[in-house]
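Colleague: I'm new to reading models like this one, could you take me through it slowly?

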Amino acid sequence: MKRSLITLALLILPVLNAAAWTSIGKPGELHFSITINQPTCELVDAALEVDLGTMTLHEHRIAGDTLGRKAFSIGLKECGDVARAYVKMDGEPDANDHLLFALSGGAQGVGLKVVNSHGGQQLPVASDTGNGMEWPLVAGQDNQLDYIASYVITQLPVIAGKAEALVNFTVSYE
């Protein structure tokens with residue numbers, strides 16, 4: 001009986017083995033790919049409030065005069081090896097001077113001007129056809145993009161009232 005079972009097993013084994021190795025066609029292919037991006041910076045604060053205080057209008061003001069100045073910064077942290085940042089500011093251009101940001105509120109005849117610490121002007125997106133304002137970054141460190149905001153007289157007479165502007169900014173990296 002034992003010999004019969006061994007003989008039967010030896011007869012069945014080649015049949016099972018042949019069925020397991022039967023070709024069903026060309027082998028399939030798997031292709032793997034990955035794109036590795038350099039990490040970008042994180043914003044220290046995504047919502048900034050810049051209060052220019054209260055200004056008193058004096059006589060003898062002319063179009064182009066500045067009403068108040070306030071420094072502010074956009075902070076970037078954990079920048080890794082990022083070499084440059086480009087900042088675009090999106091806001092409605094002023095009707096009287098398209099290089100300034102329009103204001104809301106009751107004040108009239110005034111627009112918002114934003115310049116970097118070296119005097120380069122940040123333009124509303126509608127006026128900016130390039131990548132935005134370029135900022136070199138220091139690798140491996142937190143970086144500060146320093147700006148100065150001011151209100152500028154765009155037409156006379158200036159009508160007193162609240163002057164606010166909402167400006168969204170986008171930072172892209174290279």
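Modeller: Let me begin with a term: two strands are said to pair if DSSP finds at least two bridges between them. Helices (H or I, at least four residues) and strands (E, at least two) are themselves DSSP runs, numbered from the N terminus. This is a predicted model, in which local features need pLDDT of at least 70 and side-chain atom pairs count only at pLDDT 80 or more, while totals for chains, interfaces and linings use all residues. Residues are numbered from 1 along each chain as its sequence is written, and side-chain values use heavy atoms, with hydrogens and water left out.

Colleague: Okay, how many helices and strands does the protein chain have?

Modeller: The protein chain has 1 helix and 8 strands, and along the sequence they come in the pattern α-β-β-β-β-β-β-β-β.

Colleague: And what share of the residues counts as buried?

Modeller: Of the 174 residues in the protein chain, 27% count as buried, where buried means under 20% relative accessible area, exposed means over 50%, and partly exposed is in between (1.4 Å probe, protein chains only).

Colleague: Which way do β4 and β7 run, parallel or antiparallel?

Modeller: They run antiparallel, and 7 bridges join them. One example is Leu 112, whose bridge partner in β7 is Tyr 151. β4 also pairs with strand β5 (residues 121-122) in the antiparallel sense, over 2 bridges, and there Val 115 stands opposite Gln 121.

Colleague: How many residues sit between β4 and β5?

Modeller: There are 4 residues between them in this hairpin, and Gly 119 in the turn has a positive phi of about 95°.

Colleague: Back to β7 for a moment. Is Ser 150 buried or exposed?

Modeller: Ser 150 is buried, because its relative accessible area is 6%, and its place is in strand β7, residues 143-153. If we leave aside neighbours within four places in sequence, Ser 150 is in contact (heavy atoms within 4.5 Å) with several residues, among them Leu 52, Gly 111, Leu 112 and Lys 113.

Colleague: Thr 66 is in contact with Ser 150 too, I see. What else does Thr 66 do, say with the side chain of Arg 61?

Modeller: The backbone oxygen of Thr 66 lies 3.4 Å from a polar atom of the Arg 61 side chain. Arg 61 itself belongs to the loop between β1 (42-43) and β2 (66-77), and it is partly exposed, at 27% relative accessible area. Beyond its neighbours within four places in sequence, Arg 61 is in contact with Thr 66, Leu 67, Ile 153 and Leu 156. Arg 61 and Ile 153 are 92 residues apart along the chain, yet their C-alpha atoms are separated by 8.2 Å.

Colleague: Changing topic, how many disulfides does the count come to?

Modeller: The count comes to 1 disulfide, taking a disulfide as a pair of cysteine sulfur atoms within 2.5 Å. It joins Cys 41 to Cys 79, with the sulfur atoms 2.1 Å apart. The pair links distant parts of the chain, 38 residues apart, with Cys 41 in the loop between α1 (2-20) and β1 and Cys 79 in the loop between β2 and β3 (84-90). Cys 41 is buried at 8% relative accessibility, and Cys 79 is buried as well, with a relative accessible area of 1%.

Colleague: Why is the disulfide of Cys 41 and Cys 79 right-handed?

Modeller: The torsion about the S-S bond is about 125°, so the disulfide is right-handed.

Colleague: Last topic: what is the order of the strands in the open sheet of 3 strands?

Modeller: The order is β6-β3-β8, with antiparallel pairing. β6 (133-136) and β8 stand at the edges with a single partner strand each, so one side of each has no neighbour in the sheet. Between β3 and β6 there are 4 bridges, and Trp 135 in β6 is the bridge partner of Ala 85.

Colleague: And Leu 166, where does that lie?

Modeller: Leu 166 lies in the loop between β7 and β8 (168-173) and is exposed, with a relative accessible area of 71%. Setting aside neighbours within four places in sequence, Leu 166 is in contact with Asp 90 and Gly 91.

Conventions: Polar contact = N/O pair within 3.5 Å; in protein donor to acceptor, adjacent residues only side chain to side chain.
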